[in-house]
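Please look at the sequence and the structure first.

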Amino acid sequence: MSLESVKKFFEEKNLKFKIYEMDESTATVELAAKAHGIEPELIAKTMAFKLKERSILIVTKGDAKIDNRKYKDTFKTKCSMLKADEVFEITGHPVGGVCPFGLANPLDIYLDCSLKAFEYVYPAAGSINSSIKVTPEELKEITDAQWVDVCK
């Protein structure tokens, strides 16, 4: 179970983040924002992309959209998202619960600079009804991510 891999990830790293397990779905930015009673932009949306020979995760603010030109300038290839079945196979998390924690395979993680505007953001925690509250800098530290500017 994906949520369990996230809990194990936090336990192994001795991280004390509270995992919010909601009764309702948080599988989309809109549903997650409603469940938390916050603005959609505060949801940290994690998306999986295919580069030439590897897959990556990019985390953005909830209402951000990938800018194809910025993406291509940054990664030197056309923007190509993974299909849902590929996402689960590579991350171990279902679409709607994808997060940069407790991954099934090691992946490079990138945080869009759009997240820096907020004190806290809410990424998923491995299931379609779980999340955590974290500062963007903590998110960078615990995932060993790199900052990029790939959103409109």
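In helix α5 (residues 136-143), the buried residues are P136, L139, I142 and T143. Buried means under 20% relative accessible area with a 1.4 Å probe, protein chains only. These residues lie on the same side of α5, because their arc around the axis is only 135°; the arc is taken from the directions from the helix axis to the C-beta atoms. Their cover includes α1 (2-12), β3 (55-61), β4 (108-112), β5 (122-123) and β7 (146-148), where contact means heavy atoms within 4.5 Å. After α5 comes D144, with a positive phi near 55°.

The model is predicted: local features need pLDDT of at least 70, side-chain atom pairs count only at pLDDT 80 or more, and totals for chains, interfaces and linings use all residues. Residues are numbered from 1 along each chain as its sequence is written, and side-chain values use heavy atoms, leaving out hydrogens and water.

The chain holds five helices and seven strands, in the order α-β-α-β-β-α-α-β-β-β-α-β from the N terminus. Helices (H or I, at least four residues) and strands (E, at least two) are DSSP runs, numbered from the N terminus.

| Property of the chain | Value |
|---|---|
| Span of the C-alpha trace along its principal axes | about 40 × 30 × 25 Å |
| Share of the 152 residues that count as buried | 50% |
| Share of contacts with a separation of 6 or more that join residues 24 or more positions apart | 60% |
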